[in-house]
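Reader: I am new to this structure. Can you show me how to read it?
Author: Gladly. Take a look first, then ask.

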Amino acid sequence: MPLENFGSILNFAENLEKQNQEFFATAADNPACEQYREMFTQFANDSGKNVKTVLRTRRENVTEMILEPIRDFIREPYCEECAEAGSMSAEDALATAKRLVDKAERYYTEAAAKIKALPEVARALKTISKKHKAHREKLASL
Amino acid sequence: MSLPLMKNYINGEWVESNSTSFGDIWNPATAEKIAQVAYGTKEDVDQAVKAAKDAYWDWRTTPPLTRARYLFRLKDAFEENFEEIAAVLTTEQGKCIDEARGEVRRMIENVEHATGVTTLMCGYTLEDIATDIDCYGHRQPLGVFAAIVPYNFPGMVAWWFLPYALVTGNTFIVKPSEQVPMTQTKIFEVIDEVGFPEGVVNMVHGSRDVVNGLLDHPDIEGISFVGATPTAKYIYQRCGETGKRVQALGGAKNIVAVMPDADLDAGMPSLITSFYGCSGQRCLSGSVLVPVGDVADELIEKFTAAAKIMKVGSGLDEATGMGPVVSAAHKERVLGYIEKGIEEGADLVMDGRNFTVDEYPNGFFVGPTLFDNVKPDMTICKEEIFGPVVSVVRAKDLDEVIELINTRGFGNAACIYTNSGAVAREFKYRVLPSMVGINIGIAAPMSFFPFGGAGNSMFGDTKAHGQEIFNFYTDTKVVIQRWF
């Protein structure tokens with residue numbers, strides 16, 4: 001499904017972060033993931049902050065002059081179906097977490113490039129991308 | 001099931017009109033009735049004016065910074081209710097949700113700009129205008145003002161005026177469009193939460209009786225209006241008769257010229273938005289597209305290709321590029337213009353008649369429409385259509401473009417796409433319209449610049465928002481002083 005305007009890019013980001021937030025919060029409560037509880041809780045909190053950043057960015061930058069279509073950007077490469085994190089093994093939870101943050105980082109990087117005509121929006125998306133990059137590196141270091 | 005009834009907001013309370021006449025509010029995408037509004041009466045106006053007048057003195061003696069703090073609180077409240085306001089707006093007006101969000105943003109920007117009152121309302125002084133005599137000018141508020149606003153921007157337009165009137169110490173009455181009163185009602189729910197002093201800000205729903213009640217009321221100092229040109233002219237004349245200040249913004253016939261050196265690919269998204277954004281129901285929408293010289297065929301080919309892939313549907317669907325027009329009656333009006341274009345001999349390249357959206361078979365949709373080979377004297381090149389209908393007039397050079405623009409009677413906006421600074425400068429220098437876009441399809445001034453046209457697009461001398469609006473809402477009292 002195409003992401004062809006400003007609103008759809010930020011709506012997808014909002015949904016992506018909410019999905020991540022729910023996954024990490026649930027994983028943090030999963031006894032099998034006890035050793036990663038602190039990290040997953042942090043990731044969930046970060047996604048919650050990202051949602052606020054995305055919503056603020058949308059509110060503050062959506063003006064008539066920038067309601068122009070965006071081409072060649074679709075959501076499918078960045079979608080990730082998550083199994084129920086509450087019943088996963090720690091290994092599966094980590095593997096899923098890696099896929100989630102990897103796709104999120106790539107999404108924000110690509111979206112920032114697509115929306116570069118709006119520097120404030122691009123800046124916000126890059127900032128969130130960096131947060132996901134940090135999460136990816138943390139997961140890779142485990 | 002009974003439909004919700006929009007109430008008036010007078011003296012800090014929600015009150016029902018005593019009217020026995022009601023109108024229906026529609027969702028233009030689904031063609032369903034979603035609410036009702038009472039067509040208010042002169043008595044409703046009298047009640048609101050009395051409340052505003054009674055509140056005036058306490059409000060005008062409130063320090064400007066304190067008045068501004070109400071607006072700061074209002075801004076925060078609008079941010080919190082941002083999505084809800086935008087959703088109501090799209091539901092009753094039909095525009096795309098991002099367009100509605102953009103409108104709410106512009107509304108908030110006016111609140112933000114008005115908070116600069118402690119600088120923008122300052123007067124000026126000069127010592128020694130004669131021996132031992134000093135002179136100073138204060139800007140003082142005047143009393144009760146009102147705004148009568150249109151259906152195409154049910155949220156924003158009232159806010160081109162309201163925050164400035166309030167922050168300068170006046171009190172205010174809004175009359176929303178009777179076609180789309182839900183958005184302003186939602187906004188007034190937010191105002192109610194913020195808790196302005198009673199009577200400072202009021203809203204009366206209705207139609208002609210409310211308009212005339214406001215125009216004729218002796219206790220109203222000034223009127224701001226945005227709408228069609230015949231109504232703007234009527235309001236200007238009637239306010240003149242009753243001695244009111246008035247700013248009456250009317251319709252438009254905006255021309256967008258494309259020069260042979262223009263970057264078509266870079267400009268195409270904003271060209272499409274100019275003509276089809278808000279389904280053409282903007283006073284800044286492009287209406288006449290003028291390719292100059294040999295760019296015409298390539299421009300039309302690229303323009304129609306881009307228009308054809310634009311999704312038309314419900315404004316609440318985020319993938320939608322163009323929503324319905326506001327009402328069944330307006331749809332018929334737009335279709336009438338398309339018929340007129342055919343009748344007068346223009347070539348119909350894209351036909352938006354009989355356009356349907358599968359999920360919303362009854363919606364008030366008009367598809368993107370384009371006429372080629374339109375002549376300057378055709379009806380579709382002279383009258384405001386206010387729909388997604390593009391009239392292409394081919395011109396041989398810039399002089400022909402400027403002649404076309406300056407003979408439309410309207411003078412709202414004009415745009416040009418070119419890579420030549422010299423051509424752009426000549427264009428902006430010679431055209432009559434007051435809002436000019438250069439490689440911009442919608443020349444919409446932001447809150448800190450004035451909004452308004454020339455010619456038959458505006459009656460009055462002070463435009464909406466910008467710095468000038470502080471003049472409209474204040475009287476400069478000059479004091480000449482000598483002490484013995």
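**Reading helix pairs and confidence**

Author: We start with a crossing. Helices α13(B) and α14(B) cross in a right-handed way. Keep in mind that this is a predicted model.

Reader: Which residues of α13(B) and α14(B) meet?
Author: On the α13(B) side they are B:Leu398, B:Asp399, B:Val401, B:Ile402, B:Ile405 and B:Asn406. On the α14(B) side they are B:Val423, B:Glu426, B:Phe427 and B:Arg430. By class, this contact has six nonpolar residues, three charged and one polar.

Reader: Now chain A. At what angle do α2 and α4 of chain A pack?
Author: Helix α2 (residues 37-61) of chain A packs on helix α4 (residues 119-140) of chain A at about 170°. Their axes lie 10 Å apart. An angle over 145 degrees counts as roughly antiparallel, so α2(A) is roughly antiparallel to α4(A).

Reader: Which residues make the contact of α2(A) with α4(A)?
Author: From α2(A), they include A:Met39, A:Phe43, A:Val54 and A:Asn61. From α4(A), they include A:Val121, A:Ile128, A:His132 and A:Leu139. The whole contact divides into seven nonpolar, six polar and five charged residues.

Reader: How should I read the confidence?
Author: Chain A has a mean pLDDT of 90, and 96% of its residues reach 70 or more. Chain B averages 97, with 100% of the residues at 70 or above. The model as a whole scores ipTM 0.72 and pTM 0.91.

Reader: Where in chain A is confidence lowest, and where highest?
Author: It is lowest in helix α1 (residues 6-29) of chain A, with a mean of 93. It is highest in helix α3 (residues 90-114) of chain A, at 95.

Reader: How many helices and strands are there in chain B?
Author: There are 15 helices and 23 strands. The C-alpha trace of chain B spans about 75 × 70 × 40 Å along its principal axes.

Reader: What radius of gyration does chain B have?
Author: It has 23 Å. A compact globule of 484 residues would be near 23 Å, so chain B agrees with that.

Methods: Residues numbered from 1 in each chain as written. Chains lettered and ligands numbered in written order. Predicted model: local features only at pLDDT ≥ 70, side-chain atom pairs only at ≥ 80, totals over all residues. Heavy atoms only, no water. Axes fitted to C-alpha atoms, helices over the stretch in contact; angles between N-to-C directions. Helix = DSSP H or I, 4+ residues; strand = E, 2+ residues; numbered from the N terminus. Parallel < 35°, antiparallel > 145°, perpendicular 65-115°, else oblique. Contact = heavy atoms within 4.5 Å. Nonpolar A, V, L, I, M, F, W, Y, C, P; charged D, E, K, R; others polar. Left-handed = near helix turned anticlockwise from the far one by under 90°. pLDDT = per-residue confidence, 0-100. Rg over C-alpha atoms; globule rule 2.2 N^0.38 Å.
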